[in-house]
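Open the model in your viewer and keep the selection tool ready. We will go from stop to stop, picking side chains as we go.

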Amino acid sequence: KVKAVVCRQHRYGEHYKKVHDIIASGALGRLNTVYGTATGWMMHMLSHLIDYALWFNKGAKAQWVMAQASGRGKLTDVHPSPDYIAGFIHFSNGVRGIVDCGAGAPDVPEVPYWWRKCRIGAQGTDGFAEVMTGGGWRAVTKTGSSGGEGSMNYDLDMPPYIQEMADWLDDDKKTHACNFNSAYEGFEIMMALCRSVIAGGQIALPLTTGMDEIAALKEKMPPGKVLFSLPENAKEYPG
């Protein structure tokens, strides 16, 4: 009867909620793609990107993934990760997920602060909508283009996140949006992406066997310096 929550506090940022609401309204038409990019490395950022992609895709289940990775430098970090990992996620509703995380991820030039260069969004038959962790939101639909401000702000994002904990403690029916089961789905997808790097090819979900994916990455990944997408990455990926 333990209630567990994993911190996905950006869900409560106004710019994140705005993009989610646009997608949920059907303004993009039939969704075909959800995506997330971040210049930070996997164990810092990737599970968040996947979680928000799942949120934008109405929680559809992932059926398989395929990925590749490069760079061994961050495998010895306290958040052990490949320097760069990118991959595809196939969801049960036919939507394709694309994630791109680390030293080779594309720049988000709208955002100056390196750690907030994260872009998460969705594309559909009638347009797109996306949020940038440190740079607001924007959308294009049949009714025109729109956009707004917004940035990571713990003072604004944390209170509603914590309030949901209190609500769930008081009422079992008010399940927290960031409950453990929901967060585990994103984590499982991330580990499946790692297994694709290790074994090659597609990896089916859900995972049915155990593995120490980080240990296997340390053993399997070839040497070689990762290639950067922007010069600023050299400061964080010196290995």
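Select tryptophan 41. Tryptophan 41 is buried, as its relative accessible area is 4%. Buried means under 20% relative accessible area, exposed means over 50%, and partly exposed lies in between, with a 1.4 Å probe and protein chains only. This is a predicted model, where local features need pLDDT of at least 70 and side-chain atom pairs count only at pLDDT 80 or more, while totals for chains, interfaces and linings use all residues. Residues are numbered from 1 along each chain as its sequence is written, and side-chain values use heavy atoms, with hydrogens and water left out.

**The aromatic stop**

Tryptophan 115 is partly exposed, at a relative accessible area of 27%. How many aromatic pairs does the count come to? The count is 9. Rings of Phe, Tyr and Trp (its six-membered ring) pair if their centres lie within 6.5 Å; planes under 30 degrees apart are stacked, over 60 edge-to-face, and the rest tilted. The ring centres of tryptophan 41 and tryptophan 115 are 5.2 Å apart and their planes stand at 55°, so this pair is tilted. The pair links distant parts of the chain, 74 residues apart. Tryptophan 41 is in the loop between strand S1 (31–38) and helix H2 (42–56). Tryptophan 115 is in the loop between strand S4 (96–102) and S5. Helices (H or I, at least four residues) and strands (E, at least two) are DSSP runs, numbered from the N terminus.

Together with Trp41 and Trp115 they form one aromatic cluster.

Next, pick lysine 74. It lies over the face of tryptophan 41, 3.9 Å from the ring centre. Its charged end also sits over the ring of tyrosine 237, 5.8 Å from the centre. A charge sits over a ring if NZ of Lys or CZ of Arg is within 6 Å of the ring centre and within 35 degrees of the ring normal.

**The salt-bridge stop**

Select arginine 119 and glutamate 130. They form a salt bridge, with the closest N and O atoms 2.8 Å apart. That term means a side-chain nitrogen of Lys or Arg within 4 Å of a carboxyl oxygen of Asp or Glu. Arginine 119 sits in strand S5 (residues 118–124) and glutamate 130 in strand S6 (residues 127–132). Are these two buried or exposed? Arginine 119 is buried at 13%, and glutamate 130 is buried at 4%.

Shared partners join Glu110, Arg119, Glu130 and Arg138 into one network.

Jump to aspartate 172 and lysine 3. Their closest N and O atoms are 2.5 Å apart, in a salt bridge. Aspartate 172 is in the loop between helix H3 (154–170) and H4, and lysine 3 is in the segment before helix H1 (14–24), so the pair ties together parts 169 residues apart in sequence. The structure holds 12 salt bridges.

**The helix stop**

Finish at H4, residues 180–199. Asparagine 179 caps its N-terminal end: a side-chain oxygen lies 3.2 Å from the backbone nitrogen of asparagine 181. Just after H4, select glycine 200, which takes a positive phi of about 85°.

Technical notes:
The expected span of a helix is 1.5 Å times one less than its number of residues. A polar contact is a pair of N or O atoms within 3.5 Å; within protein, one must be able to donate a hydrogen and the other to accept it, and residues adjacent in sequence count only if both atoms are side-chain atoms.
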